[in-house]
Amino acid sequence: MHQTSPGVERAVEGARVWADRLGSAPLRLAHFVLALLDEEEGRPAVLLEHIGLSLTDVRDQLAVLESPPAPPVTALFTAARDWSIAHRHDPEFLTDAFLLAVLAADPGFRTAAAAFGCSVERLERILTKRPDRDSSLPPTLAPVLTEAEGKSDDPFLASPRSETHAPNPGVDAIFHLPDPTAEIDAARVLDASFNRAREAARVLEDYCRFALDDRFLTEQVKELRHGLAAAARKLPAHVLLAARETLRDVGTTATAAGEYQRVSPAHVAVVNLKRLQESLRSLEEFGKVFGPELGRELEALRYRVYTLERAVVFGSASRERLATAQLYVLLTRAHCVASLDWTIREAARGGVDVFQLREKTMPDRELLDCARDVRRWTREAGALFVINDRPDMARLCEADGVHLGQDDMSVKDARRIVGPGVLIGVSTHSVEHLRAAVLDGADYVGIGPTFPSQTKAFDHFPGLDFVRAASAECSLPAFALGGIGSANVGQVVAAGARRIAVSSAICAADDPEHAARLLKSALTREPPVPGGL
Ligand SMILES: Cc1ncc(COP(=O)(O)OP(=O)(O)O)c(N)n1
Ligand SMILES: Cc1nc(C(=O)O)sc1CCOP(=O)(O)O
Ligand SMILES: [Mg+2]
């Protein structure tokens, strides 16, 4: 009587299903391997993926392979049990031992399997951490290497010293603990945490892709998932495999209060960002048990998640706060045809949503007085108020936001001055600037210059191409600007913009209300472009 694991029993049943599916009367060895690979989280699948094999490719090859009829299943069980006793001191054998027994059951099948990467020697070496190449399977099932096999150029059959194709060089660099219990305990945490981190990253990616419609953030999360997979490949597979005991994990049935409550997609994103950070912290700490390199790699991934969190969380709040803001005016007193308070009142009546005080030469005391006045007037007009260049002034006059150019203070430093609730806008002149602003935690961006401007001289015009690229790239509120007026706003909207910032078109207009109304109607007339600014 053999002591098998439930996974082995499922594989035996699954082999018969595969035989039927492939229209084969006798049960063949390949059917057992196919059944073992049905469980993607199971040891055989993890083992093959770890050595760099594609499960789909292996399945495809097995499905067309004319493999020999299987011996009585008890013979396979005996071989697997003997291997398990020899290497694990346990007569209850698991699916990986059964896989070895099946692969080694027939010399022809063994060679054929080795040809597509499933070499018994290679798999056994990983499962046993043994540097030698000779199989320790019982002689009845472990055929001696034929001359042909010995000369094979299959990297898994080559001697370890000449092995140049090791799919995971990082594994060899990993320190093996002398105490197997400690190794297994740490590996169980890593195995579970990698799975949790991967799942959380997938949820986050779906949020960025489908809820935010943000190509750049989606790519960022995808890169992070790949980073996680690369770190996971650095762990010794034999340890992860031995640690995979989900059924015995006491935590799988425990649920926390609130686990089923999510009030919005943004809430789902926040919860999963936290889950990702927690899993990475756990990975980092237990990863250190296997060597400092792994700990450092995981730490770097955790910091990337903090950056992403800032972009996703601040970005969501900004999107909400600026959801209806489409028309933004840069005010310079000397450029206005009349007083600032009149200009603000009239322009707000015409639909201006945000006013920026842009005074480049005013002495500080005068600037602060002016800013406090503008704060009052914009509040009365029901518009947002942003001050250009000066986070200190923004804080003193209680502005809603501050705007920073590429040569102004960094978002990080400005945030320390203005605190978390104040909007920070960033001027961008290229897609690279735009991506950096998103990751820096900007609340909105300026996209320009689009056309030559009467307000400021420029040497370079990223123009409508940049407006188009920006609208395809990010979902943060973005205001196209530079030389925009009623004559060309249609082109800007056609390029994907749904928000613009102007100065002279409104400040220098005799009738700022009318000028604002024309621009606003151009912005609202066109149906919003999918993913538009
Ligand atoms: C909304 C908006 N976008 C861009 C700018 C330009 O900022 P910056 O490049 O710092 O140039 P100055 O305006 O400071 O000369 C802006 N002010 N507002
Ligand atoms: C100050 C400024 N910065 C720009 C940028 O692209 O960064 S465009 C610009 C001038 C905007 O004024 P007008 O609408 O009169 O051209
Ligand atoms: Mg500036």
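This report walks through the fold of the protein and the surroundings of its two ligands.

## Getting oriented

What you're looking at is a predicted model, where local features need pLDDT of at least 70, side-chain atom pairs count only at pLDDT 80 or more, and totals for chains, interfaces and linings use all residues. Residues are numbered from 1 along each chain as its sequence is written, while chains are lettered from A and ligands numbered from 1 in the order in which they are written.

The protein has 24 helices and eight strands. Here helices (H or I, at least four residues) and strands (E, at least two) are DSSP runs, numbered from the N terminus. Of its 533 residues, 44% are buried. Buried means that 20 or more other C-beta atoms lie within 10 Å of the residue's own; exposed means 12 or fewer, partly exposed is in between, and the C-beta atoms are placed from the backbone. Now take the contacts between residues at least 6 apart in sequence: 68% of them join residues at least 24 apart. Two residues are in contact if their C-beta atoms, placed from the backbone, lie within 7 Å.

## The barrel

How do the eight strands close into a barrel? They follow the order β1-β2-β3-β4-β5-β6-β7-β8, with parallel pairing. Neighbouring strands of this sheet are turned by 25 degrees against each other on average, direction ignored. Angles run from 0 to 180 degrees between N-to-C directions, and axes are lines fitted to C-alpha atoms, for helices over the stretch in contact. Two strands pair if DSSP finds at least two bridges between them. In general, strands of a sheet pair through backbone hydrogen bonds, either parallel or antiparallel.

Strand β1 is mostly covered, with five of its five residues buried. L327, V329 and L331 point one way, and Y328 and L330 point the other. β1 has a parallel partner in β8 (residues 500-502), joined over three bridges, and there Y328 has A501 as its bridge partner. β1 also pairs in the parallel sense with β2 (residues 354-357), over four bridges. Y328 stands opposite V354 of β2, and L331 stands opposite L357.

To get from β1 to β2, look for helix α16 (residues 340-349): the three make a right-handed β-α-β unit. Right-handed means that, with the strands pointing away from the viewer, the path from the first strand over the helix to the second runs clockwise. In β2 itself, V354 and Q356 point one way and F355 and L357 the other, and all are buried.

Four bridges join β2 to β3 (residues 384-388), and the two run parallel. In that pairing, V354 has L384 as its bridge partner, and Q356 stands opposite V386. The chain crosses from β2 to β3 through helix α17 (residues 364-381), in a right-handed crossover. Both faces of β3 are covered: L384, V386 and N388 on one side and F385 and I387 on the other are all buried.

Next comes β4, which pairs with β3 in the parallel sense over three bridges; N388 stands opposite H403 there. Helix α18 (residues 391-396) makes a right-handed β-α-β unit with β3 and β4. Strand β4 (residues 401-404) then pairs with β5, parallel again, over four bridges, and L404 stands opposite V426. Helix α20 (residues 431-440) packs on the sheet, touching β5 and β6 (444-447), and its direction makes about 165 degrees with that of β5.

## A helix tucked away

Helix α8 (residues 120-128) is largely enclosed by the rest of the structure, because eight of its nine residues are buried. Those buried residues include charged-type names such as E121, R122, E124 and R125, along with V120, L123, I126 and L127.

## The two ligands

Which residues sit closest to ligand 1? Of the 16 that surround it, H403, G405, S427, G446 and A501 are the closest. The elements giving two or more residues to this shell are β1 (327-331), β5 (423-428) and β7 (478-481). A residue is near a molecule or strand if its C-beta atom, placed from the backbone, lies within 6 Å of it.

By class, the ligand 1 shell has five nonpolar, seven polar and four charged residues. Ala, Val, Leu, Ile, Met, Phe, Trp, Tyr, Cys and Pro count as nonpolar, Asp, Glu, Lys and Arg as charged, and the others, Gly among them, as polar. Ligand 2 has 17 residues around it, with G448, S453, T455, S503 and S504 coming nearest. Its shell has six nonpolar, 10 polar and one charged residues.
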